Amino acid sequence: MAGELVKLTLTLAQVDLITEHTFIGENLLAILYAAKVYDDEVRVRCTLDDLDQLSKHVVDEANKTKDKKLQQKLYAIFEEIRVLVQSYYGVPLRIVASNPSIKRTEPE
């Protein structure tokens, strides 16, 4: 449903990776900073459109980086977002990055 808020749960380390290594823009940054933090869990409330934008930024950075550890961590975040969005749509979701080299757009 358009505009419906969903909850994405990330770790503090994952949020730090996103804010330090991607160019997510002020809107998404504000959403992350407004999130509730419980111990090491960050509970982000945002729309499915916000999640789509966030996933694109994360996967684009994963595709660009030459740091394999960072790349794996960013792909893991992307996968968490993809699974969450897919659960709302009820069908396999195809999120396409602006960099066409991403190969992880279909369920495995």
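A: Contact here means heavy atoms within 4.5 Å. The model is predicted, so local features need pLDDT of at least 70 and side-chain atom pairs count only at pLDDT 80 or more, while totals for chains, interfaces and linings use all residues. Residues are numbered from 1 along each chain as its sequence is written, and side-chain values use heavy atoms, with hydrogens and water left out.

The part to look at is helix H3, residues 48-64. Helices (H or I, at least four residues) and strands (E, at least two) are DSSP runs, numbered from the N terminus. First, the setting. The protein chain has four helices and three strands. Along the sequence they follow the pattern β-α-α-β-β-α-α. Of the contacts with a separation of 6 or more, 66% join residues 24 or more positions apart.

Now the length of H3. The expected span of a helix is 1.5 Å times one less than its number of residues. H3 has 17 residues and should therefore span 24 Å; its end C-alpha atoms are 24 Å apart, which agrees.

Next, burial. Buried means under 20% relative accessible area, exposed over 50%, and partly exposed in between (1.4 Å probe, protein chains only). Of the 108 residues in the protein chain, 41% count as buried. The buried residues in H3 include Leu48, Leu51, Leu54, Val58 and Val59. Nonpolar covers Ala, Val, Leu, Ile, Met, Phe, Trp, Tyr, Cys and Pro; Asp, Glu, Lys and Arg are charged; the others, Gly among them, are polar. The cover over the buried residues of H3 includes strands S1 (5-11) and S3 (41-47), and helices H1 (12-21), H2 (25-33) and H4 (68-89).

Leaving out residues up to four places away in sequence, Leu51 touches Val6, Leu8, Cys46, Ile81, Leu84 and Val85. Leu51 and Leu54 are also listed, with Leu8, Ile18, Val44 and Ile77, as having the most contacts inside the largest nonpolar core, a set of 28 residues. Such a core is a set of buried Ala, Val, Leu, Ile, Met, Phe, Trp, Tyr and Cys residues joined through side-chain atoms within 4.5 Å. S1, H1, H2, S3, H3 and H4 each give two or more residues to this core. The largest share, eight residues, comes from H4.

The buried residues of H4 include Leu70, Leu74, Ile77, Phe78, Ile81, Leu84 and Val85. They pack against S1, H1 and H3.

One of these partners, H1, packs with H4 at an angle of about 110 degrees, with the axes 10 Å apart. Axes are lines fitted to C-alpha atoms, for helices over the stretch in contact, and angles run from 0 to 180 degrees between N-to-C directions. H1 and H4 are therefore roughly perpendicular to each other; that label covers 65 to 115 degrees, with under 35 roughly parallel, over 145 roughly antiparallel and the rest oblique. In this contact, Gln14, Leu17, Ile18 and His21 of H1 meet Leu70, Lys73, Ile77 and Glu80 of H4. These residues divide into four nonpolar, two polar and two charged.

Gly25, in H2, lies 9.9 Å from Gln53, C-alpha to C-alpha, across 28 residues of sequence. At 41% relative accessibility, Gly25 counts as partly exposed.
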